[in-house]
Amino acid sequence: MVVTRFAPSPTGFLHIGGLRTALYNYLWARRNGGKFKLRIEDTDQSRNSAEATKAILEAFDWVGMNYDGDAVYQSDRFELYKQYIQQLLDEDKAYYCYMTKEELDALREEQMARKERPRYDGRYRDFKGTPPAGVDPVVRIKAPLDGEIVFEDGIKGTITIKADEVDDFIIARSDGTPTYNFVVAIDDALMGMTDVIRGDDHLYNTPKQIIVYEALGFKLPRFYHVPMILGEGGKKLSKRDGAADVMDYKRMGYLPEALLNFLVRLGWSHGDQEIFSMEEMLEHFDPCDINASASQYNPDKLLWLNSHYIKNSSNDRLAKLLEDFGLYLLSHDKREILLDIFKERCKTLKEMAEQIKEVLEAPESYDSKAIKKAMKGDAVQILDSFVKKLENAETLHLPTDYHKVLENFVKEQEIGFGKIGMPLRVALIGRLGGPDLSDIMSIIGRYETAGRIKNLLNYMKETSA
């Protein structure tokens, strides 16, 4: 059975690179009927944040990636790690190192002066003498002194590291707390991981973890190291160009399925297909098909995907989601026409909420450039005449009813459509641009339309006085 995991450190919010890694693990486990587990790697007590842990769990809930069992917290497993540290000491596979920080710094300076790669020199590897007084030792594992460490990476192929590139690294600090590579190997083994899919920034942690696996007699999982996501110009992804907290995407008005569809395609493909439902991801995803080269974040593509999913969402769902943006439409009598219009125009829920509010709420101010462009010549007289036309019109309900009134008005006045269109748009929403005028008027009704026109006419009188 395939068992995968996502193992974030709660030192900051979950970013999209982490979410992509989690998604790949989730898809591979679920596709194979296996288990997907969540492990919070919180051994660094000085940097952990309860708020960050909460944000990680919220992000998983928002995108709908359920994990199996309870989340595992490494901070609950310190006694377990101590047992394995003691086992390695008892089996002479690890040892106490009494080298001070000052001695280690001096050694590194000497090595760098000789143009050597800085590394621990193993001076306490077989130490049998009397330990120096006043030094709290660390525990180092005995790494192989010769040969090679070789493993198959499902994305990058065969990875070979010379053994002498890995020194006797620390597995327990002087205060007894275990180190990252040690606890990761133990947890992955004890939690039954068969496949470890993670960012390729962990690639050179893998040989160290393999040393721990082999020292403890654990079976190695399959490894897949995923290339990073790059920002503009091939640089490391920054917060400015996408590396934001996952929940920021919710606040910006993205749908979770759009974000997941976007992320799955950042490094993986299935032919030329761009739109993937979760069912299609589960049907086709294989980590061996992940690209070996880095992918590039494309905000325009994310917006395109989000607009696709908005257009294909039910109005009931959209009305509920828009409540997060202060818009309450569930019982609004024009809900259907509002959402039908704006789901075709908008790329995010936030944009949709802002544009719908702009239609439903009379403008409190007017764009000065729009006033200058639209309210010239006989615009005031034209608007005044249009108010009378509205008030005398017969039944007005549908956009087509209002469109007919506009058509007749233009013919009667013998003017171009722009002569009424621009001033009317400023009166209705305070600016140029926006939805079709007939749609706006059908939504707010004839009396609100007339009232907004009168408001603008009063404004023009006051400003010209």
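Two strands count as paired if DSSP finds at least two bridges between them, and strands (E, at least two residues) and helices (H or I, at least four) are DSSP runs numbered from the N terminus. In those terms, E1 and strand E2 (residues 35–40) pair in the parallel sense over four bridges.

This is a predicted model, in which local features need pLDDT of at least 70 and side-chain atom pairs count only at pLDDT 80 or more, while totals for chains, interfaces and linings use all residues. Residues are numbered from 1 along each chain as its sequence is written, and side-chain values use heavy atoms, with hydrogens and water left out.

**The parallel sheet**

- Three strands in the order E1-E2-E3 form an open sheet with parallel pairing, and its edge strands, E1 and strand E3 (72–73), each pair on one side only.
- Helix H2 (residues 50–63) packs on this sheet and touches E1, E2 and E3 (contact means heavy atoms within 4.5 Å), and its direction makes about 160° with that of E2.
- E1, helix H1 (residues 16–31) and E2 make a right-handed β-α-β unit, right-handed meaning that, with the strands pointing away from the viewer, the path from the first strand over the helix to the second runs clockwise.

**The antiparallel sheet**

- A further open sheet has three strands in the order E4-E5-E8, with antiparallel pairing.
- Strand E4 (94–97) and strand E8 (170–172) stand at its edges with a single partner strand each, so one side of each has no neighbour in the sheet.
- Two bridges join strand E5 (residues 138–141) to E8, and the bridge partner of Val-139 in E8 is Ala-172.

**Packing of H3 and H5**

- The axes of helix H3 (residues 78–90) and helix H5 (residues 180–190) come within 11 Å and cross at roughly 105°, the axes being lines fitted to C-alpha atoms over the stretch in contact and the angles running from 0 to 180 degrees between N-to-C directions.
- H3 contributes Leu-80, Tyr-81, Tyr-84, Ile-85 and Leu-88 to the contact, and H5 contributes Phe-182, Val-183, Ile-186, Asp-187 and Leu-190.
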